[in-house]
Amino acid sequence: MFKKTFKVLAHTTNIAATLGLVAFGAVQINTAQAEAAEPLPAGADDMHCLQQNIFFEARNQSRIGQVSVAWVTLNRVDAERYPDTICGVVWQEKQFSWTHDGKADTPDDNVIAQRAWEDAGVVAEVVVIDWLRAAYLRSPIEDATMYHANYVDPYWAASYTHVATVDDHLFYR
């Protein structure tokens, strides 16, 4: 009973802290929007794509691991060699394994998957708010545009500079 109660309490506390960041960021998002020379780059479709990428790439990682994966996606949007929308980056051919694994691109219909899906949505919102305020906040993984799991050795890793390791992922620029 204690373990179950502790897990629920820990999850609730984690989400409450994340929502607190959203609330804090929401106060300042109007400033970021007013300063932006272009329309907001993240509409509902882009937010959904980012949520999918966080969910399928990092749902088993810590919150900072999920944030780091989200930042790679957004760093790619900012980089010239990648598409200039979140969905364009996420769905670029063979960039993220879940987009071409033949499995459904929706979360399973069980409580654990649904909770992880909701968490991925909250993380997406917080990171996009931080991204819009990029002049004030920096990515926790610098300007990394690549990452891989620690149990694989991709051919491209030696061509990039390793900048961080977060949970099971190694990040590169």
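A nonpolar core here is a set of buried Ala, Val, Leu, Ile, Met, Phe, Trp, Tyr and Cys residues joined through side-chain atoms within 4.5 Å, and buried means under 20% relative accessible area, with a 1.4 Å probe and protein chains only. The model is predicted, so to speak of local features takes pLDDT of at least 70, and side-chain atom pairs count only at pLDDT 80 or more, while totals for chains, interfaces and linings use all residues. Residues are numbered from 1 along each chain as its sequence is written, and side-chain values use heavy atoms, leaving out hydrogens and water.

**View 1. The largest nonpolar core.** This core has 41 residues, and Leu50, Ile86, Ile141 and Phe171 make the most contacts inside it. Helix 5 gives the largest share, nine residues. Helices are DSSP runs of H or I with at least four residues, and strands are E runs of at least two, numbered from the N terminus.

**View 2. Around Ile141.** Leaving aside residues up to four places away in sequence, Ile141 touches Trp71, Val163 and Phe171, among others. Contact means heavy atoms within 4.5 Å.

**View 3. Gln61 in its loop.** Look for Gln61 between helix 2 and helix 3 (63–78). Gln61 is buried, at 10% relative accessible area. Its side chain makes a 2.9 Å polar contact with the side chain of Asn60; a polar contact pairs N or O atoms within 3.5 Å, one able to donate a hydrogen and the other to accept it, and sequence neighbours count only if both atoms are side-chain atoms. A polar atom of the Gln61 side chain also lies 3.0 Å from the backbone nitrogen of Asp168.

How values were computed
Buried means under 20% relative accessible area, exposed over 50%, partly exposed in between (1.4 Å probe, protein chains only).
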